[in-house]
Amino acid sequence: MKDCNCGYCVGGEPLAKFGIKICDLNVSQLILFKEQSKPGRCIVAYKDHVSEIINISDEERNAFFADVTKAAKAIHKVFAPGKLNYGMYGDTGCHLHVHLCPKYEGGDEWGGTFTMNPGKTYLSDEEYQEMIEKIKAAL
């Protein structure tokens, strides 16, 4: 099931407003969040347009969280954050997804909840591509 108004479902320009697809995982896709004030911030978005974790089977839920874990391990390997925050929201975009937000000791927001989109740090296309290649290599 797809929603033609959802960036996770249709990709292209709607996705490009906030992210760049890295790759497909088992039951989801891994997306680099364009705002990179927390280096390595990504999103794992479920393959289908469902709103809640309760809308999928136990087997699909386990596979989804295996994808989240795989992405988290790659982020830890490449960026070595002091902590990785996991955020599941969807008030405005009702597509099951998890934000993976690396936090760095002594850095901005250390010890607090991450800001959804601080709008501070955007990179060049080359810098995004370099990050994507490093993450892919670590998966």
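**View 1. Cys6 and its contacts beyond its sequence neighbours.** Setting aside neighbours within four places in sequence, Cys6 is in contact with Gly11, His49 and His95, where contact means heavy atoms within 4.5 Å. The model is predicted, with local features requiring pLDDT of at least 70 and side-chain atom pairs counted only at pLDDT 80 or more, although totals for chains, interfaces and linings use all residues. Residues are numbered from 1 along each chain as its sequence is written, and side-chain values use heavy atoms, with hydrogens and water left out. Cys6 is placed in the segment before α1, helices (H or I, at least four residues) and strands (E, at least two) being DSSP runs numbered from the N terminus. With a relative accessible area of 9%, Cys6 is buried; here buried means under 20% relative accessible area, exposed over 50% and partly exposed in between, with a 1.4 Å probe and protein chains only. Although Cys6 and Cys94 are 88 residues apart along the chain, 8.5 Å separates their C-alpha atoms.

**View 2. Asp48 in the loop between β3 and α3.** Asp48 is partly exposed, its relative accessible area being 24%. Apart from neighbours within four places in sequence, Asp48 is in contact with Met1, Lys2 and His95. The C-alpha atoms of Asp48 and Met116, by contrast, are separated by 23 Å, the two residues being 68 residues apart along the chain.

**View 3. The largest pocket and its lining.** The space in this pocket amounts to about 360 Å³. Its lining comprises 18 residues, and those that lie nearest the centre are Tyr8, Phe18, Thr92, Gly93 and His97. Sorted by class, the lining has seven nonpolar, eight polar and three charged residues.
A pocket, on a 1 Å grid over the protein atoms alone, is an open set of points where a 1.4 Å probe fits, with protein on both sides within 12 Å along at least five of seven lines, and lining residues have an atom within 4 Å of a point. The volume is the space filled by probe spheres set on the points, which are joined across faces, edges and corners. Ala, Val, Leu, Ile, Met, Phe, Trp, Tyr, Cys and Pro count as nonpolar, Asp, Glu, Lys and Arg as charged, and the others, Gly among them, as polar.

**View 4. Helix α3 and the residue that follows it.** The 22 residues of α3 should span 32 Å at 1.5 Å a residue, and the 31 Å between its end C-alpha atoms agrees with this; the expected span is 1.5 Å times one less than the number of residues. Among the buried residues of α3 are Glu60 and Asp67, together with Phe64, Val68, Ile75 and Phe79. The buried residues of this helix pack against β2, β3, β4 (83-87), β5 and α4. After α3 comes Ala80, with a positive phi near 50 degrees. Ala80 lies in the loop between α3 and β4 and, at a relative accessible area of 56%, is exposed.

**View 5. The two sides of helix α4.** Helix α4 (residues 125-138) has 14 residues and reaches 20 Å from its first C-alpha to its last, close to the 20 Å expected at 1.5 Å a residue. Its buried residues are Tyr128, Met131, Ile132, Ile135 and Ala138. These residues lie on the same side of α4 because they cover an arc of only 130 degrees around the axis, the arc being that of the directions from the helix axis to the C-beta atoms. Asp125, Glu126 and Ala137, on the other side of α4, are exposed. The cover over the buried residues includes β1 (19-24), β2 (28-33), β3 (42-46) and α3 (58-79).

**View 6. Gln36 in the loop between β2 and β3.** Gln36 counts as buried, at 4% relative accessibility. Leaving aside neighbours within four places in sequence, the contacts of Gln36 are Arg41, Thr121, Leu123, Tyr128 and Met131. Tyr128 and Met131 are also listed among the buried residues of α4.

**View 7. Trp110 in the loop between β5 and α4.** Trp110 counts as partly exposed, at 37% relative accessibility. Not counting residues up to four places away in sequence, Trp110 touches Gly82, Lys83, Lys103, Tyr104 and Glu105. Between Trp110 and Lys83 the C-alpha to C-alpha distance is 8.9 Å, while in sequence they are 27 residues apart.
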